[in-house]
Amino acid sequence: MSQKPLKRNIHIVELSKDHHFTLLFCWKIRQGLKRGADPERIRNYVAYFREQHMREHFREEEELLFSAVKDEQVDKAWEDHRQINRLADQVVEKPTAENLQQLADMVDDHVRYEERTLFPHLEQVLTEEQLEKIGKAITEQKEPVADDYEDAFWLSER
């Protein structure tokens, strides 16, 4: 059974677009592992993606979106970010197939939580004015996502 595409409020759609690239990040890690790529090669990609995309995305969500609401759903997202950052630190320090797989799974689960549970919840509890203000701040700060990492470890062994 396929999932029906989710309709996202226009003001936070840019964050959902980022999630597409983040799910691709997870897929690349999994493909690299499946194809037997050296964990060091995948670690380098994790470090790249984290610096180029994930840190800024987390900052935008935390400062612009999460800070507006204090409840269990938002608390879970904050905790997910902390856990992802801790695991990413471990991967960068000492990459293994196990912690790389765990990172891909954790990030994938988090993105799906935000898309299916958190964002619809926030669209209900935030006012249109709050969402518009958040959307303007995101648009002003947004850099286009370009995953231009050169080592395509996920395509084949090298």
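Reader: Buried or exposed: which one is W154?
Author: This is a predicted model, where local features need pLDDT of at least 70 and side-chain atom pairs 80 or more, while totals for chains, interfaces and linings use all residues. Residues count from 1 along each chain as its sequence is written, and side-chain values use heavy atoms, leaving out hydrogens and water. Under 20% relative accessible area means buried, over 50% exposed, and in between partly exposed (1.4 Å probe, protein chains only). W154 has 10%, so W154 is buried.

Reader: Which residue lies over the face of W154?
Author: Look for a charge over the ring: NZ of Lys or CZ of Arg within 6 Å of the ring centre and within 35 degrees of the ring normal. At 4.2 Å from the centre of the W154 ring, that's K28.

Reader: How many aromatic pairs are there?
Author: Rings of Phe, Tyr and Trp (its six-membered ring) pair if their centres lie within 6.5 Å. Planes under 30 degrees apart are stacked, over 60 edge-to-face, and the rest tilted. By this rule, the count is ten.

Reader: What kind of pair do Y45 and F153 make?
Author: Their ring centres are 5.4 Å apart. Their planes sit at 55°, so the pair is tilted.

Reader: How many residues apart in sequence are the parts tied together by Y45 and F153?
Author: Helices are DSSP runs (H or I, at least four residues), numbered from the N terminus. Y45 is in helix α2 and F153 in the segment after α5, so the parts their pair ties together are separated in sequence by 108 residues.

Reader: What kind of pair do F153 and W154 make?
Author: F153 is buried too, at 0% relative accessibility. Its ring centre is 4.9 Å from that of W154 and the planes are at 85°, so this pair is edge-to-face.

Note on methods: Helices (H or I, at least four residues) and strands (E, at least two) are DSSP runs, numbered from the N terminus.
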